Amino acid sequence: METADLTHHISRRFNEDLEKVRNQVLQMGGFVEQQLHKAITALVEGDSRLGESVATDDYKVNGMELSIDEECSRILAIRAPAAGDLRVIVAIIKTITDLERIGDEGEKIGYIASRLATMERPADKYREVKHLGRQVAQMVHDALDAFARMDSQAALKTAQEDKMVDEEYESIQRQCITFMMEDPRTIRRALEIMWIVRALERIGDHAKNICEYVIYMVHGKDIRHSSLEDVAKQIDAAHALMRR
Amino acid sequence: MWTFALARLAGILLLGLCAGLLIEPIWLWILGAACLYLAWQLLNLYRVDRWLRLRSQIDPPGIGGIWGDIIAQVIRLHRRKQYHKQRLVQLYRELRRSTAALPDGVIILSTQREIVWFNRQAARLLGLRRPVDVGLRIDNLIRAPEFARYLHGDDYSMPLVIRPPVQIDMFLALQMVPYGGGQSLLLVRDVTRQMRLEAMRKDFVANASHELRTPLTVISGYLDTLADDPSIDPAWGGPIKDMRAQAQRMNAIIADLLELSRLESADGEAAREPIDVPHMLERLHRDALISADRPRHVLLDLESSDGLYGTAHEIESAFTNLLVNALKYTQPEGTVRMRWWTDEEGAYFSVIDSGIGIPAEHIPRLTERFYRVDAGRSRGQGGSGLGLAIVKHALQRHGGWLDVQSTEGKGSTFTCHFPQQRIWKLQLRNAASA
């Protein structure tokens, strides 16, 4: 299905409604992305005020989720969409839940970052965490791009990156354990870092979920709980079919 | 040509008539001749039609007369069209090549803000992809909240600086240029270098001022001690007094520089703490009244009891700077009047003096750093030259602006404009205090 398919309805109002709600989702995504960037910057640069502002701005994400949710229920009730349109609405309802969770994790990171700003900073200035943060932020970005372009192949590629995020998470975890064993005075800080890294890893999972909804929206296949290799084969087959 | 064709038709009919006169019946002969003529013309028509259909494969039929004429005209028309088309294609190619070679990114947007076309630079800077992104709304791909606000606002006079979605170390300046038919161009420029330089300049000013502070404190400390030391030769009294005054001035300049660099580096809008402006102005008024060499009349007109949402010390430093300037440049017998009022559009603070005034050509440059209307005069008055720059930046952070009206010899009016959404309304204040 192409984006142009969203504009094929006889009822122009329906098209407008669908377009509008899709745009709202992407706007919400943009805000969440910004929150995530700010939270990571707050940690890396030890900016407690920035971290606090991330934490206090989270209510905006919640507000957006509520209004999109309501809009979706309205469309379901009034237009009773079917097939592709129904999938779009279902995917949107699920996507915003994950976006909201990403916002929550971002809030958590911002809050912890503002607390860490008052503590002594390690020599490496959180290089590993920064790297993981960038990786995760890029994943969220790519997932939203795939959503905007309705691009199932990009979505699949992004979903596969989650594995790398998980590996990075493991390695930082091990590093923290080493720090704690070497010098018990760092335990407090290392525990806080663990919270942040854990939140980033969760954000990666949510981004992966969004990618799965994109694939569901485009191909009508629910790929949750199935291996990504199988999905890749199916998507390639679907693309070959479309090209024919 | 046409007369020839008519003559031929007449000839054929005449031939038929003649044959009919010889052998009866006449009408059959004439009909036969007409049918023959018709069949011949139909055959020609068929050949022309076939040629038009398969023009690229077969040569034009070799018929003369009106048919030949028509064929020649068709060929001429076709050639002319071909020529124009080639020229257009060439022009289009050149345009595409030149826009592709532009160092800036260019995106053409439709009325619905959908991407119609973009060049290679835009694709590189913003991570756009061809052809999937054509037809998508631009704010679906550039999702920074500031950009959505800029795109759906109506003020495109200034470019918007954002960090691009692909490389977050960069800074991009985006500028909308609307043109005919509701379409618009979105220009994308890489301003990373400028932003870095600007940041370096700000850091330099802040660091230099900070570093100057410590030695200066030591110098003024010793000067204070020397001034009170009775064992010093009284002949040194004058120089020491001057040195103390100059050290104090340097201190004031450094304080202003630090304040300015702080205002500059604080990004975004000022916070929204409620400020009791009438109370603040009453305090400023009292302080002004007790100062030694003030003009005879220093008045305060509070026409509104509303306050502002903002950062209290920034607003206070803006108001103080305006008031101090007015006091400085007004003769002892003059008047300085402060006025605070609100209307539906916003809130205003004015300082009206009956001082020496400012020549019109200097007004637009007043808020520049270290700008002096009359170099000799204001140094004598001991200002830092940064006061109005501080006012401008503080107002900007509150969404406001400074308006200056002045007549030479009669006095000046400095007015701070604040937008309506910054007003802390009276009713809200009562509710908050209750």
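A nonpolar core is here a set of buried Ala, Val, Leu, Ile, Met, Phe, Trp, Tyr and Cys residues joined through C-beta atoms within 7 Å, where a residue is buried if 20 or more other C-beta atoms, placed from the backbone, lie within 10 Å of its own, exposed if 12 or fewer, and partly exposed in between. The largest such core has 91 residues, and those with the most contacts inside it are A:L43, A:V140, A:A143, A:C211 and A:V214. The model is a predicted one, in which local features need pLDDT of at least 70 and side-chain atom pairs count only at pLDDT 80 or more, while totals for chains, interfaces and linings use all residues. Residues are numbered from 1 along each chain as its sequence is written, and chains are lettered from A and ligands numbered from 1 in the order in which they are written.

**Nonpolar cores**

- Leaving aside neighbours within four places in sequence, A:C211 is in contact (C-beta atoms, placed from the backbone, within 7 Å) with A:A143, A:A146, A:A155, A:L156, A:T158 and A:A159.

**Helix α12 of chain B**

- Because 10 of the 11 residues of α12(B) (residues 387-397) are buried, this helix is largely enclosed by the rest of the structure.
- The buried residues are B:G387, B:L388, B:A389, B:I390, B:V391, B:K392, B:H393, B:A394, B:L395 and B:R397, and what covers them includes α8 (237-265), α10 (312-328), β11 (401-407) and β12 (411-419) of chain B.
- After α12(B) comes B:G399, which has a positive phi near 70°.

**A sheet in chain B and the helix on it**

- Five strands of chain B form an open sheet in the order β2-β1-β5-β4-β3 with antiparallel pairing, two strands being paired if DSSP finds at least two bridges between them.
- The edge strands, each pairing on one side only, are β2 (115-118) and β3 (160-162) of chain B, and the twist averages 25° from one strand to the next.
- β3(B) pairs with β4 (residues 172-178) of chain B in the antiparallel sense over three bridges, and B:L160 has B:L174 as its bridge partner in β4(B).
- α6(B) packs on the sheet, touching β3 and β4 of chain B, and its direction makes about 160° with that of β3(B); axes are lines fitted to C-alpha atoms, for helices over the stretch in contact, and angles run from 0 to 180 degrees between N-to-C directions.

**Contact between the chains**

- In the interface, 13 residues of chain B are in contact with 17 residues of chain A, and the elements that give two or more residues to the chain B side are α5 (138-141) and α6 (145-152) of chain B.

**Backbone geometry**

- Most residues other than glycine have a negative phi, and most peptide bonds are trans.
- A:M150, with a positive phi near 50°, lies in the loop between α4 (127-149) and α5 (152-182) of chain A, and is buried because 21 other C-beta atoms lie within 10 Å.
- B:F370, whose phi is positive at about 60°, lies in the loop between β10 (346-353) and α11 (375-381) of chain B, and counts as exposed because it has 10 C-beta neighbours inside 10 Å.
- The peptide bond joining B:R130 and B:P131 is cis, with omega of about -5°, and B:P131 is found in the loop between α4 (120-126) and α5 of chain B.

Note on methods
Helices (H or I, at least four residues) and strands (E, at least two) are DSSP runs, numbered from the N terminus. Two residues are in contact if their C-beta atoms, placed from the backbone, lie within 7 Å.
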